[in-house]
Amino acid sequence: MGRMLVVGLDEPEIVDLKRRIGYPVICHALLPAIRIEDGRLLAERASGPGMLAIDRVVFHGIFAEDYEFLTALALWGGPCLPSARGLLDCRERLPCLARALRITRFGAMPRSWATRGQSIERAGDTVGKWGNWHCGENKVRFTGTHTPEEPTIYEPFIVGEAVRIALVGPHAWQIRLAGDTWLKSIHEPGAAFMPIDEALLADARALAAGLGLEVIGVDYMLGVDGSRHLLEVNHAANVTVFPEIREAFLDLVAAWGDDGA
């Protein structure tokens, strides 16, 4: 029977996951030490000294230094949920968007770009985004002139409704994002399920397939004029805010692990 490494889940999810599975599992809320020896993956124990051989990995979350960790998993090439290559390709926010724009039907929004110190002027309401942190940070809304301190992508501010299509294996939900300012989030109390837009669902599934991710959150803006616009692809979208998504994710992990046990 193989051993599974789970990275990024908190204690309540770990407890529930262990109830669902009947094979060895090592759980780390943060990035564990790992090494690869001749194609064999080893990870530090959850407690005590020493390393253990790992047969498959579940990865969920975003960490400051996880790009190298994901690179190692992709080089290892063993079973990973979501796929290590998909996680690696989508970890950096702006390169992920560039990849997603080749796939989505809703990428026609005009976008601009400026490197550090290159001022950009906009007569209309505009949003600037920089950095590779997928957590709603590093954004500015402005009209007029903006001089970025690091490379920044610019998009017109769309008046309308921000939504997310959340996919967990075969399961799908559409979530209305909420917030008291122009910044909207799944973590705000007003965020709630809403009827699924079939066109958005088809687009999100195409993105998941094209990017190699079994679990994904795709953010769109629905304009008041009926237009749809891709905003961002989240490779580690939160799965614990809504109980329905949480249960589907834990079931997916348990079933995936059983397939290889």
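Is arginine 228 buried, partly exposed or exposed? At 30% relative accessibility, arginine 228 counts as partly exposed. Please keep in mind that this is a predicted model.

**Salt bridges**

Arginine 228 has a charged partner: it forms a salt bridge with aspartate 197, with the closest N and O atoms 2.9 Å apart. Arginine 228 belongs to strand S16 (residues 228–234), while aspartate 197 sits in the loop between strand S14 (192–194) and helix H5 (198–211), so the pair ties together parts that are 31 residues apart in sequence. Aspartate 197 is buried, its relative accessible area being 19%; that value falls under the 20% cut-off for buried residues.

In total, the structure holds 16 salt bridges. Three of them are set out below.

| Salt bridge | Closest N to O distance |
|---|---|
| Glutamate 161 and arginine 176 | 2.4 Å |
| Arginine 228 and aspartate 197 | 2.9 Å |

Arginine 20 is partly exposed at 27% relative accessible area, and aspartate 251 is partly exposed at 42%. Both residues also belong to a network of salt bridges that links Glu13, Asp16, Arg19, Arg20, Arg246, Glu247 and Asp251.

Next comes the bridge between glutamate 161 and arginine 176. Here strand S12 (residues 160–168) supplies the glutamate and strand S13 (residues 171–176) the arginine, so the pair ties together parts that are 15 residues apart in sequence. Glutamate 161 is partly exposed, with a relative accessible area of 26%, and arginine 176 is partly exposed too, with 32%.

**Aromatic rings**

Now for the rings: there are seven aromatic pairs. Why does the pair of tryptophan 173 and phenylalanine 193 count as stacked? The ring centres are 6.5 Å apart and the planes of the two rings lie at 20 degrees, and planes under 30 degrees apart count as stacked. Tryptophan 173 lies in strand S13 and phenylalanine 193 in strand S14, so the pair ties together parts 20 residues apart in sequence. Tryptophan 173 is buried at 14% relative accessible area, whereas phenylalanine 193 is partly exposed at 30%. Elsewhere, Phe59, Phe63 and Phe69 form one aromatic cluster.

**Charges over rings**

Finally, charges and rings meet. The charged end of arginine 56 sits over the ring of tryptophan 256, at 4.4 Å from the ring centre. Arginine 141 lies over the face of phenylalanine 157, 3.7 Å from the centre of that ring.

How values were computed. Residues are numbered from 1 along each chain as its sequence is written. This is a predicted model: local features need pLDDT of at least 70, side-chain atom pairs count only at pLDDT 80 or more; totals for chains, interfaces and linings use all residues. Side-chain values use heavy atoms; hydrogens and water are left out. A salt bridge is a side-chain nitrogen of Lys or Arg within 4 Å of a carboxyl oxygen of Asp or Glu. Buried means under 20% relative accessible area, exposed over 50%, partly exposed in between (1.4 Å probe, protein chains only). Helices (H or I, at least four residues) and strands (E, at least two) are DSSP runs, numbered from the N terminus. Rings of Phe, Tyr and Trp (its six-membered ring) pair if their centres lie within 6.5 Å; planes under 30 degrees apart count as stacked, over 60 as edge-to-face and the rest as tilted. A charge sits over a ring if NZ of Lys or CZ of Arg is within 6 Å of the ring centre and within 35 degrees of the ring normal.
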